[in-house]
Amino acid sequence: MSNLAYETDLQAPQQDGDRAGREAMDSLRPVPRITIQAFCESDGVSKPIERAGEDRRMFKAHLKVLMGGMDAAAELYQTASTPNLIILESKSEPRELLESLGKLAEVCDPTSKVIVIGHYNDVWLYRELMKSGVSEYMVAPLTIADIISTIYGIFVDPDAPPIGNSIAFIGAKGGVGSSTIAHNVGWAVSSLFENEVVVADLDLAFGTANINFDQDPAQGIAEAVFAPERIDDVYLDRLLAQCSERLSLLAAPSTLERVYDFDADAFSQIIDVAQRSAPIVVLDVPHVWNGWTKSVLQQADEIVITATPELANLRNTKNLVDTLKKLRPNDSPPHLILNQCGVPKRPEITVDDFADPLGLMPLAVIPFEPQLFGNAANSGRMLAETDAQSDIVKSIYEVAHSVTGRSEPKEKKKSGLGSILGKLKLKK
Ligand SMILES: Nc1ncnc2c1ncn2[C@@H]1O[C@H](COP(=O)(O)OP(=O)(O)O)[C@@H](O)[C@H]1O
Ligand SMILES: [Mg+2]
């Protein structure tokens, strides 16, 4: 790509407007770790998008530019999972464009954001698209600055809600496997959906994420909670240890030199910055009940309680479920995972007897499998890396789908976009 082409794009068509665009770009923060797929119909649109992808503000995002427009997107998403942002170019006239978008929406996950680039400057079309849940409609031709600032507006703008969903994992007792499940679900989300995941280990004294991911980072979450005034996206990047292509870890020090008594809102700032930086933040919450664990759970988007099928676990889960209902009256109840089931000779409460008093069906029932879990833990690998064919790995994948609101690829639910579009009467 020649610099000349880059300059031309930024300067065309109006010198003044574009200088303003470039100046506006100077103040933009980098775009977070999102996945973007663009489906174009013309070089005039695909080229500036490709070049936007090379801009320094986009270096954390994963961008793929493909041709074939909405048809290619609809075909791909029949089987593949959708990225955080889909950019669609269409040369079709407005009514036709809306129809193709309606079809595409049936195979897209509701969590994906959509930018449509059209060739008609049409107010009716713009309004219909906004009503149907599209984040932005842009009219070609576009400059690099247009593209970056639009993505910025959707994902980074301080007024925009954080892009990330936080999923907090807590055990009904210590040692029930909550952390192991949290790490494996985080890993599954990052590899199944090619989504960027940050795992934060909130068990500062005894956390095991560093062992399970085979990492020994110099600094991590402790730096963030002991110096909340320093936390921003740049500082967060320095604290993250990269575990795999799309998974990074805010590791606990797991040392006892300091004691870890925190204020109730000690983790709020770091969780907020992490949620602005990655689409999924997994919070591995230790089995303790104090001001900050309560507030982390209160603020999380989703909660997963892991329990083993015993009486004390049932009592504790019931207390947690009831308390969370009071703390989060407008949210769905936490998810339940029954783990370490079927330990030889151990009397256990049946799944139904456990679930009944809670009014919750377990998302997964995971057997006691010391060999698989032991091998994974001792070698610093995930369960799927140890035995990809195991039924337990399949359960973990199902949990990954449920907690991120993604349906199984083959039986995708209609997305929010699809159902709204379906209701629209395409009248002008
Ligand atoms: N289903 C299971 N079968 C056998 N061992 C398990 C199972 N789930 C977890 N473990 C093991 O139990 C131990 C405690 O797990 P951990 O995730 O640290 O629990 P928690 O975070 O709830 O304290 C670990 O050694 C882990 O490998
Ligand atoms: Mg733990």
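Helices (H or I, at least four residues) and strands (E, at least two) are taken here as DSSP runs, numbered from the N terminus. By that convention, D232 sits in the loop between α10 (221-226) and α11 (233-239), and the protein comes to 19 helices and 13 strands. The model is predicted, so that local features need pLDDT of at least 70 and side-chain atom pairs count only at pLDDT 80 or more, while totals for chains, interfaces and linings use all residues. Residues are numbered from 1 along each chain as its sequence is written, and chains are lettered from A and ligands numbered from 1 in the order in which they are written.

**Confidence and overall make-up**

- The mean pLDDT (the predictor's confidence in each residue, from 0 to 100) is 89 for the protein, and 90% of its residues reach 70 or more.
- Over residues 1-16 the pLDDT stays under 50, and the model has 13 contacts beyond four places in sequence for this stretch, a contact being a pair of residues whose C-beta atoms, placed from the backbone, lie within 7 Å.
- Residues 409-416 likewise have a pLDDT below 50, with 13 contacts in the model beyond near neighbours in sequence.
- Where pLDDT is low, the predicted coordinates should not be read in detail.
- Of the 428 residues of the protein, 44% count as buried; a residue is buried if 20 or more other C-beta atoms, placed from the backbone, lie within 10 Å of its own, exposed if 12 or fewer, and partly exposed in between.
- Among contacts between residues at least 6 apart in sequence, 78% join residues at least 24 apart.

- Leaving aside residues up to four places away in sequence, A200 touches I221, L250, A274, V281, V282, L283 and D284.
- In soluble globular proteins, nonpolar side chains tend to be buried together.

- Strand β10 (residues 280-284) is largely enclosed by the rest of the structure, because 5 of its 5 residues are buried.
- Both faces of β10 are covered, with I280, V282 and D284 buried on one side and V281 and L283 buried on the other.
- In a regular strand the side chains alternate between the two faces of the sheet.
- Strand β6 (residues 165-171) pairs with β10 in the parallel sense over 5 bridges, where pairing requires that DSSP find at least two bridges between the strands; within this pair, D284 in β10 is the bridge partner of F169.
- Strand β7 (residues 197-201) also pairs with β10 in the parallel sense over 5 bridges, and V198 stands opposite V281 in β10.

- The shell around ligand 1 holds 17 residues, of which G171, G177, S178, S179 and T180 come nearest; a residue is near a molecule if its C-beta atom, placed from the backbone, lies within 6 Å of it.
- The elements giving two or more residues to this shell are α8, β12 (335-341) and α16 (370-379).
- The shell residues divide into 6 nonpolar, 10 polar and 1 charged, where Ala, Val, Leu, Ile, Met, Phe, Trp, Tyr, Cys and Pro count as nonpolar, Asp, Glu, Lys and Arg as charged, and the others, Gly among them, as polar.

**Loops and backbone geometry**

- D232 is partly exposed, with 13 other C-beta atoms within 10 Å, and although D232 and S277 are 45 residues apart in sequence, they are 9.7 Å apart in space, C-alpha to C-alpha.
- T350, in the loop between β12 and α15 (351-355), is exposed, with 10 other C-beta atoms within 10 Å.
- A cis peptide bond, with omega about 0°, joins A140 and P141, and P141 is found in the loop between β5 (136-139) and α7 (144-155).
- E194, in the loop between α8 and β7, has a positive phi of about 50° although it is not a glycine.
- S254, in the loop between β9 (247-250) and α12 (268-277), has a positive phi near 50° and is likewise a residue other than glycine.
- Most residues other than glycine have a negative phi, and most peptide bonds are trans.

Definitions and conventions:
Contact = placed C-beta atoms within 7 Å.
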